Structure formats: structure tokens, C-alpha cells
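Subject: Structure handover

Hi,

Here is the structure for you to look over.

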Amino acid sequence: MSIDAYPLVSDWLTPQGNELLIHTGKVDIGQRISTAIVRIVQEELALPLSQLDVAAVRTGHAPDEGITSGSNSIEQSGRAVAAAAATLRKHLLDAAINQHGGTPSDWAFEDGYIHRPGTNIRINLISLAQDLPPDLPIDPDLPRHIPDTPPTPNMRGIADMVTGRFTYLHDIDLPGMWHARRVSPPHVRASLRDIDQTVLDRITGDGLHVVRDGSFLAVTGPGEWAVVKAATRLGLACTWDSGGGLPETDVFAHLTPENAQRFPVVNGTPQNAPVPEPLDAPDLSGRFERPYQMHGALAPSAALAEWTGERLFVKSHSQGIYPLREAIADSLGLATDQIEITHVQGSGCYGHNGADDAACEAACIALAHPNIPILLKWSREDEHAWEPYAPAMAVQVDAKLADGRIAALSAEAHSDTHRGRPRPGPNRAGPAKLLANRFRAEAMAPYIAPPNMGNHAGMHRNLDPVYDIPETRLVKNLVQGLPHRTSAMRCLGAVANIFALESTMDEAAHSAGADPIAFRRAHLSDPRALAVLEALEHCLPPVPEGMGRGIAYAQYKNAMTRVGLAIDLAVTDTAEVKLHRVTLVADAGRVIDPDGLQAQLEGGVMQAASWALYEQVTWDRDGITSRDWDSYPVIRFDNVPDFDITLLNHPDQRSVGAGEASPGPTVAAIANGIFAATGLRLRRMPFTPGAITQAALDL
């Protein structure tokens, strides 16, 4: 827990001037974590927004809360800040009582003051906080204060974002700053053989600089457009050894138990034990597949680095600045205290995209040019071709039915690793996960991840059904040596697993002639799950004529936000899926920021709809072929459905993560909606017109 490592109120809250500064180790990448944390403090202390600020997340200053991932920000940082604020509230009350008497019920917090109603006694809260001991320990057992009218702060930075005034990492412009561009190999197996010296001389003659370290190659200089043009010329002047090229094999043919390290999964956790025998003569059987998919961030990755000769300062949109600091220090032979990394938002950036790689590359370039800030930006082609992808996955599900219910279920997930972030570990695991280190003169071999044996981690996240099924057989199959570098994307394995399980639930309900919501309720005993499905059923209008309705339910990691949703859709004469309406009910425990929660749920639906209908990484032996928005299409505005979202608030329950709760059931609901509309059961994403047409021809 974050409080265990940072047990003082001052680790999280510090008075500064006439403000209370909030500290967190979780970064805001659009999920509104900073807005939610401000609201948590406002609930406890009733400070106006003008007296609250959130400190920059910076190594050596912010709490080290690891990586912002797994929908853990509210549960970890939010809980720590809440406990610190509750502790501060108690000690402020005690101080006021010591000065002016009374009991806690005689005092009120209002607009930055502690006052006694009916008197003229008003004490400035910030001034009083400055008089408290700096080593005040957090009391994690204090009750939370719930105001009668909760504060409703706007999303931090949203006005500047909408009006174009927000300074993203890519927009930084410092005095004396240089720009940089990498020169990319054709693919990850290629190495630099030669460069045309004439082109090199021309580039350096133009006042630009070429940085070469083995096959790592970049151009840097003061003019951005000049650097872009020079990097293009330099790329054309390079001769590469292709190393045999990329394998053009069918990745799904390799996702089999024969190629895997296999582990039974019990209560969401893999075991080092023999794998149980398969179900005998299942009534339902299906294999569900997800291709390699990319983050597709709106702006490509970027980083700014400056080396002073003694210290390296980096600005990055990485979600894990402390692990990144260790990995860069190890890569460049520096001590960690020589490096300071500050998180700065990137436009549309989340998940393990190229942010960490860009930071390492910017640092490599900066070391060659001391005392010059270097802003490195990847191109769109760089981002599409070089970011770590979500692994291709295959999930085999078999089920036996009895008396209109599922009596036994087997689910086997097959995938490469979902954890490629540069966390430190044995054999220099951190540096081995940074792209530049594959190409530098002292090249490192690609990192081979050991099996992730954590609870609901990696590929086996949500493999364990949330339903009451008498007999389950769950197996994790780690398949390595596949074509592409992979890492964490939203939900990890939960998307493919929920797609497979909820499609099977839908198929079982259809086989039993049961209503899909009633069928799911019959397999649930959790009162809150039942309440979600009951509310969903209550919210549903009649299915529009000519459309199909897909139902799905899931609880992220079987422990976080519960989501039930229905998607109404149509399949056109040209086999295009048109989304009409999303009806969604969610239970995230105590709701801190309703607008933020709704935005996260809506965003998850839209991203998953894009995965379900459009997205797929493609390649041939010469490299990645899906290098732009035409070759890697994403969902567009013409297929955005209407939304009806209901939040079930439980003020007496803990808040749980919601950022990754809706994508899994969305993919399943779309697949189930296509079946309802056409009678076709789609089992491989994306559900393109070609895939739907082929499924119809295969009937």
C-alpha cells in the first residue's frame, strides 16, 4: 500500500503559501486522477479550488507509486490522499479546539476556514496547517467525511485543452532547444550496414548533427523542419542488413498448448502444478481470437532531455517514471540520483506505448550534446511500427450444460507476455525492455519475460469466470518467440477473456432458450452483480426494428468495477456494423468523480468498439505495413452510438478502479449483438465486413 511506504501526512499534503499542495505518484493521462484527488481533499477540508494544487509528478519529489496502471490510482493514491486529508482534518480540529474550546461538533470547515457557527471565530485553514508538526503520521483508520453537497470540480486543464492553450509535452519550446528525429530501421531484426558518406557530409554541412551508436541513428539540430528533412534523407542513405526479415507465419497457428508453458489457474492465480485433463464431450466449444493491436495514440511518442554534464533532466509521458529512471540509469551508466524525470502529459497517450523508448532515445542524444535541451518526437510511422503492441491472443472455451445451466467450463488463454514495461529485474530486465538498447553498439537481446504468476495478471486477467459455475478448468498458456514486441495495453488479457466467456454465456443462453440477462442472473449470487443486471434490464428500451441487441456483464479482475451493458446495433447490406445505442450500468463502489467515471466508461466502450470492428496490426517480411490511419483504421465519428449510463453509488463502500472495466464486456456485447442481428457467431476480432461476409459464406 502507498501509505506503508509514505506514512506521513506531509508525504501527500503540504501547505505552501496560501495553498495546500497535493502530492501523488500516479500520473494524469486523461483519466482525471488529479481531478478526483482534488475532490477527495475538498470533501474532507472544504478548501476552494483556488487554494488547492497538485504537484508535478517528479522523481525524487513525488511518492514512488510505481506505474499508473491496472485501474489502481483511486484505490492506491486516492486512498492515501484521503487518509492524509482525514488525518489533517482531525488535527486541525484538535488545534482549533485547543485554541478556542468547544467540541468537534461545534466547528465547521467552510471555504478555506475552520469556524464556530454563531460566533466570529474563523481560523485560516492553511495557516493552521503550517503550525502542525511536519512528521504527523497518517491514521488510516479515521472515517471519511462525506459532505451533504459534494464538490464538483471541473476536469483540471480541460478548458485549456478545448481552446488549444494546453502545453503538451510535444509543444514545449525552450530557449536554445534542439529538435531530434530517430532514423528507424525497416524492422526490429534489421541492423545498420552502411551510410552514404556524401549524404552524411551534406547533413553536417547544413549545421545539423548525426548521432550514431551501433544501429541507433538520429539527427538533431535547432530547426525542427530541417531535422525532419535531414532524417528522411539519412534514412534513404542507409543500407540495412535485414537479418532474414520478419516471419510471415500465421500467429494464431502458433497459439497452441504445444508451443506453450502451461499453468492451471485457481482463483485467478496460476499454479506450478499439472494441467487438468480437458472436459469430456463438451456441449459448447469455441476458440476466440484477438490480433496484435496497437495503442494508436493521437500524438506519437516524445520526450525532452538535457544533460548538464553531471545530471540528466527528462520530461516524459511515461506512466512509470521511477522504473524508467532506473532503466535509463542502467542503460547509460549513470547513478539514479543523476537523473530526474518529470511527467508531462502527451496528447492521447496511455498504456505502454513508445513513451519510455522515446525518453531513453532522447537521453542518448542529449548525452552527446551537453547543456542543450533535446526534444525528440517520433513520427506517425515510428509510433505505428515501433510501439509495443497488445499481444495476439487465443482463448479456447468449452462448456457442459445441465438443466439449462452451465455445469462445467474450461477456458485456456494463449498469449505472449503482456508485461514489457522497463521495470528493473534480474539480468538487467529494465534496459533490455528499452528499444534503443536493441540497436546500440553494445546491443541487448530482446527481453524474454518469465511467466506472470500474479492474481488476475497478464493474459489470465478475468479468465476466471465471475459466475457461479460448479466446475471450472482454467489454463494459462505462455507462448514465446512470436514476431512482435508486446506489452501492456488497456485491460491486458481481460478483453479477449471476457469476449470469449461472455460470448459463451450468450451461446449457452441461446441454447437453453433463455433470456440473456436472466441466464446470467441464474449464475450469480453476488447481490451487487444482481443489482447491476436488474438496473440494466430496467433501463433497456425495446430493441429497435432491424437491429440486434448484445448483452454482456463483467467485473474487472473479479474485484473492481462491475459493468453490465447492452449494445443495439445493425449490420448493413454491405456487412458493416453500425452502433446505435449503448446502455450501461456500473458499480464502482463509492463514486468520487461521477463525470470522470462516466468519461472513463464511455471511453472504454469507444476504444473497445474500435478494437472489435476495425483494428489489426499487419506486416510482411519487410516490416510493419499498418503504418498510418488508412492501413490501421480506427473507429470514426460516424459510428459513435448514443449512450445511456447509470452509476450505482455506494457511499459506504470503498472506491474501486474503473478505467478498464468497460472494454471487455463491450467487445463481447458487440459480438453478441452481431449474432442477434444475423445469426452469425464471430470469434475473431476485428469483425470487419469481410469477416462477417466470410462467416455467412461458411454457414
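Helices (H or I, at least four residues) and strands (E, at least two) are DSSP runs, numbered from the N terminus. Helix α9 is followed by G333, whose phi is positive, near 70°.

Two notes on the source. This is a predicted model, so local features need pLDDT of at least 70 and side-chain atom pairs count only at pLDDT 80 or more, while totals for chains, interfaces and linings use all residues. Residues are numbered from 1 along each chain as its sequence is written, and side-chain values use heavy atoms, with hydrogens and water left out.

Helix α9

Helix α9 covers residues 321-332, 12 residues in total. From first C-alpha to last, α9 reaches 16 Å, close to the 16 Å expected at 1.5 Å a residue (expected span: 1.5 Å times one less than the number of residues). α9 is mostly covered, with 10 of its 12 residues buried. Buried means under 20% relative accessible area, exposed over 50%, and partly exposed in between (1.4 Å probe, protein chains only). The buried set includes I321, Y322, P323, L324 and R325. The buried residues of α9 pack against β16 (312-316), β17 (339-343), α10 (355-367) and α12. Contact here means heavy atoms within 4.5 Å.

Aromatic pairs

Rings of Phe, Tyr and Trp (its six-membered ring) pair if their centres lie within 6.5 Å; planes under 30 degrees apart count as stacked, over 60 as edge-to-face and the rest as tilted. The search of the whole structure finds 7 aromatic pairs. One of them is F288 with F499, edge-to-face, at 5.3 Å centre to centre and 80° between the planes. This pair links distant parts of the chain: F288 is in strand β14 (residues 284-290), F499 in helix α13 (residues 494-512), 211 residues apart. F288 is buried at a relative accessible area of 1%. F499 is buried too, at 1%.

W386 and F439 also pair edge-to-face, because their centres are 5.8 Å apart and their planes lie at 80°. W386 is in helix α11 (residues 380-386), and F439 is in the loop between α12 (429-432) and β21 (471-479), 53 residues away. Both are buried: W386 has a relative accessible area of 5%, F439 of 6%.

Ring pairs also link F288, F499 and F687 into a cluster.

Charges over rings

A charge sits over a ring if NZ of Lys or CZ of Arg is within 6 Å of the ring centre and within 35 degrees of the ring normal. R182 has its charged end over the ring of W378, 4.8 Å from the centre. R290 lies over the face of W611, 4.5 Å from the ring centre.

Best wishes
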